[in-house]
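This report goes through one protein chain, from its overall make-up to individual side chains. Please keep the structure open while reading.

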Amino acid sequence: RRKFKAAAKTQPTSSDVEADVIGRFVEQQTRLAGLMRATDKIDLNKTVVTSPVASFVTYSLRDAYRVVVTHERRHFEQARRVTEAEGFPSGK
């Protein structure tokens, strides 16, 4: 529940939101879930990956999935807060 500042190389380039952002997010989540399912025969604890943000950090694929799921949940919660904010267009 703590807030963290994103690493400089992962900062968004602008604050403009395109109209299809929700659809693209859903598509990305579907692709991500498919990729994760494709590793069902891999030992997630023994497979080691390197962080794309800090090349000196390595962890198990299981932990990488935990990081990704937590990160994506954070994006979802950010979107929920924005769309529930006063003054957000209702689209009606």
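A residue is called buried under 20% relative accessible area, exposed over 50%, and partly exposed in between. Val26 has 47% relative accessibility and therefore counts as partly exposed. Its place is in helix H1.

Val26 also belongs to a nonpolar patch on the surface, together with Val21 and Ile22. The accessible area of these three residues together is about 240 Å².

## Model and confidence

The model is predicted. Mean pLDDT for the chain is 84, and 79% of the residues reach 70 or more. Confidence is highest in S2, at 97, and lowest in H2, at a mean of 90.

## Overall make-up

The chain contains 2 helices and 2 strands. In sequence order the pattern is α-β-β-α. Helix H1 covers residues 21–37, strand S1 covers 48–50 and strand S2 covers 58–60, while helix H2 runs over residues 61–84.

Of the 92 residues in the chain, 10% are buried. The accessible surface is about 8200 Å², and carbon and sulfur atoms account for 58% of that area. Among contacts in the chain with a separation of 6 or more, 36% are between residues 24 or more positions apart.

## Helix H2

Helix H2 has 24 residues. From its first C-alpha to its last, H2 reaches 34 Å, close to the 34 Å expected at 1.5 Å a residue.

Which residues of H2 are buried? They are Leu61, Ala64, Tyr65 and Glu72. The cover over the buried residues of H2 includes helix H1 and both strands, S1 and S2.

## The loop between S1 and S2

Val57 is placed in the loop between S1 and S2. Its relative accessibility is 29%, so Val57 counts as partly exposed. Leaving aside residues up to four places away in sequence, Val57 touches Val49, Thr50 and Ser51.

## Salt bridges

How many salt bridges does a search of the whole structure find? The search gives 4. One of the pairs is Lys41 with Asp40, where the closest N and O atoms are 3.9 Å apart. Lys41 and Asp40 are both exposed.

Another pair is Arg66 with Asp63, with the closest N and O atoms 2.8 Å apart. Both residues lie in helix H2, 3 residues apart, which is about one turn of the helix. Asp63 has a relative accessible area of 32% and is therefore partly exposed. An α-helix has 3.6 residues a turn, so residues three or four places apart point the same way.

Arg80 and Glu77 form a salt bridge with their closest N and O atoms 2.7 Å apart. This pair also lies in helix H2, with a spacing of 3 residues, about one turn of the helix. Arg80 is partly exposed because its relative accessible area is 32%. Glu77, at 24%, is partly exposed as well. Salt bridges with shared partners join Glu77, Arg80 and Glu84 into one network.

Terms used
Residues numbered from 1 in each chain as written. Predicted model: local features only at pLDDT ≥ 70, side-chain atom pairs only at ≥ 80, totals over all residues. Heavy atoms only, no water. Helix = DSSP H or I, 4+ residues; strand = E, 2+ residues; numbered from the N terminus. Expected span 1.5 Å × (residues − 1). Buried < 20%, exposed > 50% of the residue type's maximum accessible area, 1.4 Å probe, protein only. Contact = heavy atoms within 4.5 Å. Areas by Shrake-Rupley, 256 points an atom, 1.4 Å probe, with all protein chains shown as cover. pLDDT = per-residue confidence, 0-100. Patch = residues over 30% accessible without salt bridge, like charges linked within 9 Å, V, L, I, M, F, W, Y side chains within 5 Å. Salt bridge = Lys/Arg side-chain N within 4 Å of Asp/Glu carboxyl O.
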